[in-house]
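Have the structure open beside you as you read.

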Amino acid sequence: MDNNEQSGKKQIALNIVSSKSKHTGFGAGSIDLNSVSPVIIDQGEAKVDMGAIHAKSKVEKGIKFSTNREDVPNGRIVWVVWVAVDRTAEGQLYGGATACEMWIDTEARRGYKILADHVNKLDAALKRKIVLDELNAEDKTALKNLLISRNEEWWEASSDDLKKALEG
């Protein structure tokens, strides 16, 4: 099949189909990643890096990852924080936030991460859960400052659970 024939096809979304769902029709059960943003926290600095959705953030590029922590003895911890935005009748707010670790040794071009953990934490953020207890005080402050600077109204409308989780 050539490209002209393929262009008329529907785009396939990432589908979640479980025994509980009534999968009827094309794209039923698709999850919408438009409401989530990945934040990379590296050495106390938090930045939105959309490349992290596909494991291609700036810090991940050129790194060979292992699931064995011992393969990265000189690595530094880098956090991926999945932040989900929720919409209510009153407006938008930060609804879910979960952090997962990576260890990166830029010089050796080696890294450690557990992809399943990243996927599970992304799912938890989409389900509006707050899991940030592994972050240290400096990283919590960096994330909180980033969220406030991106949209102070969303921060003010966010849950007390999120605000408490980001207290230094």
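The largest nonpolar core of this predicted model has 20 residues. Within this core, the residues with the most contacts are Val-39, Ile-41, Val-81, Leu-132 and Leu-143. At least two residues of the core come from each of these elements: strand 1 (36-42), strand 4 (76-88), strand 5 (91-105), helix 3 (137-150) and helix 5 (160-165). Another core lies apart from it, with 13 residues, including Val-59, Trp-82, Cys-100 and Leu-122.

What does Ile-41 touch, leaving out residues up to four places away in sequence? Its partners are Ala-46, Ile-77, Val-78, Trp-79, Val-81, Leu-135, Asp-139 and Leu-143.

Next comes Asp-42, which is also placed in strand 1. Is Asp-42 buried or exposed? Asp-42 has a relative accessible area of 15%, and the cut-off for buried is under 20%, so Asp-42 counts as buried. Once residues up to four places away in sequence are set aside, Asp-42 touches Val-59, Arg-76, Ile-77 and Val-78.

Strand 1 and strand 2 each supply at least two lining residues. Sorted by class, the lining holds four nonpolar, two polar and five charged residues.

Ala-55 has a positive phi of about 55 degrees, although it is not a glycine. You can find Ala-55 in the loop between strand 2 (45-48) and strand 3 (64-66). Arg-128 is not a glycine either, and has a positive phi of about 65 degrees. Look for Arg-128 in the loop between helix 2 (115-126) and strand 7 (130-131). Gly-91 belongs to strand 5. Along the chain, Gly-91 and Glu-153 are 62 residues apart, and their C-alpha atoms are separated by 8.9 Å.

Finally, step back to the whole chain. How many helices and strands does the protein have? Its secondary structure comes to five helices and seven strands. Following the sequence, these elements give the pattern α-β-β-β-β-β-β-α-β-α-α-α. The protein has 168 residues, and 35% of them count as buried. The protein exposes about 10600 Å², with 47% of that supplied by carbon and sulfur atoms.

Contacts also tell us about the fold. Take the contacts between residues at least 6 apart in sequence: 61% of them join residues at least 24 apart. As you turn the model, try to spot Ile-41 and Leu-143, which touch each other.

Definitions and conventions. Residues numbered from 1 in each chain as written. Predicted model: local features only at pLDDT ≥ 70, side-chain atom pairs only at ≥ 80, totals over all residues. Heavy atoms only, no water. Helix = DSSP H or I, 4+ residues; strand = E, 2+ residues; numbered from the N terminus. Nonpolar A, V, L, I, M, F, W, Y, C, P; charged D, E, K, R; others polar. Buried < 20%, exposed > 50% of the residue type's maximum accessible area, 1.4 Å probe, protein only. Contact = heavy atoms within 4.5 Å. Areas by Shrake-Rupley, 256 points an atom, 1.4 Å probe, with all protein chains shown as cover. Core = buried A, V, L, I, M, F, W, Y, C linked by side-chain atoms within 4.5 Å.
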